[in-house]
Amino acid sequence: MNFRSIFGTVGQFLLLLAIQILFLKNLALFGLAFCFIYLLALLLLPVSIRSIPLMIIAFMMGISVDVFYETIGMHAAAATFLAFLRNFWLKIISPSGGYDEGDIPSIRSQSTSWFVTYAFPLLFAFCLVLFSLDFWGTGNWLNVLNKSFFSSIFTLILAIIVQLLFFPRRRVI
């Protein structure tokens, strides 16, 4: 990665984190679907990033959200779990030719259907951990599954919209 791409990635992290904290903190559709758009920054990191730095970045982002949400490490744990699963999942859904060194798993570098296949299970795992920690000990597993499923769908739809609107497609000649 060169300096320009590192600067752009850090800016993207900070922007998505600010949007999450300032605008999406209290947004819930029908009390079931919450949006965690800051996870898009983790999902769009290059394929070549190693697991440990990825988990450290995810932990730092999650703990930043926890500070503002007052959730005592729940986002940090769930985001770290997403980062842990990400490289395994990328290997499982690898295209036949594999990935290039600088590939970014996004709609512009792959397809929308590939991105949905890539992002939805990771978002669902994140939400499952987050809401399991939130409802720990209450035995309300149906509510955990409902919130996890609908929050994953809501986050995925918003992530696709953000990519289509704000990430320009590369022109291939």
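Lys147 is buried and yet forms no salt bridge. The nearest side chain of opposite charge belongs to Asp134, and it is 5.2 Å away. The model discussed here is a predicted one.

Lys147 belongs to helix H6, which covers residues 141-166. Apart from neighbours within four places in sequence, the residues in contact with Lys147 are Gly31, Leu32, Phe34, Phe131 and Phe135.

## Helices H3 and H4

Helix H3 comprises residues 51-69 and helix H4 comprises residues 74-92. Their axes come within 7 Å and cross at roughly 155°. Angles over 145 degrees count as roughly antiparallel, and H3 is therefore roughly antiparallel to H4. The crossing in which H3 passes H4 is right-handed.

On the H3 side, the contact is made by Ser51, Leu54, Met55, Ala58, Phe59, Gly62, Ile63, Val65, Asp66 and Tyr69. On the H4 side, the contributing residues are Met74, His75, Ala76, Ala79, Thr80, Ala83, Phe84, Arg86 and Asn87.

## Leu54 at the contact between H3 and H4

Leu54 is located in helix H3 and is among the residues of that helix that meet H4. Its relative accessibility is 0%, so Leu54 counts as buried. Leaving out residues up to four places away in sequence, Leu54 touches Leu45, Ile49, Ala83, Arg86 and Asn87.

Leu54 and Phe84 are 30 residues apart along the chain, and their C-alpha atoms are separated by 7.9 Å. Phe84 is also one of the H4 residues that make the contact with H3.

Helix H5 consists of residues 112-134, and its axis comes within 9 Å of the axis of H4. The two axes cross at roughly 150°, and H4 and H5 are therefore roughly antiparallel to each other. H4 passes H5 in a right-handed crossing. The H4 residues in this contact include Met74, His75, Phe81, Leu82, Leu85, Arg86, Trp89 and Leu90. Those of H5 include Trp114, Tyr118, Pro121, Phe126, Val129, Leu133 and Asp134. Met74, His75, Ala79 and Arg86 of H4 are also listed in the contact with H3.

H5 in turn packs against H6 at an angle of about 140°, and their axes are 8 Å apart. The crossing of H5 past H6 is right-handed.

## Loop residues with positive phi

Phe30 is situated in the loop between strand E1 (28-29) and strand E2 (33-34). Although Phe30 is not a glycine, it has a positive phi of about 55°. Phe30 is exposed, with a relative accessible area of 83%.

Ile72 occupies the loop between H3 and H4. Ile72 is not a glycine either, and its phi is positive at about 55°. The relative accessible area of Ile72 is 83%, so this residue is exposed.

## Buried loop residues

Cys35 is found in the loop between E2 and helix H2 (39-43). With a relative accessibility of 1%, Cys35 counts as buried. Cys35 touches Gln20, Leu24, Leu27, Phe154, Thr155 and Leu158, when residues up to four places away in sequence are not counted. Cys35 and Lys25 are ten residues apart in sequence, and the distance between their C-alpha atoms is 8.3 Å.

Asp103 lies in the loop between H4 and H5. Its relative accessibility is 19%, and Asp103 counts as buried because the limit for that class is under 20%. Beyond its neighbours within four places in sequence, Asp103 is in contact with Pro46, Val47 and Gln110.

Leu15 is placed in helix H1, which spans residues 3-22. Leu15 has a relative accessible area of 52% and is exposed, since that class begins over 50%. Leu15 and Tyr38 are 23 residues apart in sequence, and 8.6 Å separates them in space from C-alpha to C-alpha.

Note on methods. Residues numbered from 1 in each chain as written. Predicted model: local features only at pLDDT ≥ 70, side-chain atom pairs only at ≥ 80, totals over all residues. Heavy atoms only, no water. Helix = DSSP H or I, 4+ residues; strand = E, 2+ residues; numbered from the N terminus. Buried < 20%, exposed > 50% of the residue type's maximum accessible area, 1.4 Å probe, protein only. Lys, Arg positive; Asp, Glu negative; His and termini not counted. Salt bridge = Lys/Arg side-chain N within 4 Å of Asp/Glu carboxyl O. Contact = heavy atoms within 4.5 Å. Axes fitted to C-alpha atoms, helices over the stretch in contact; angles between N-to-C directions. Parallel < 35°, antiparallel > 145°, perpendicular 65-115°, else oblique. Left-handed = near helix turned anticlockwise from the far one by under 90°.
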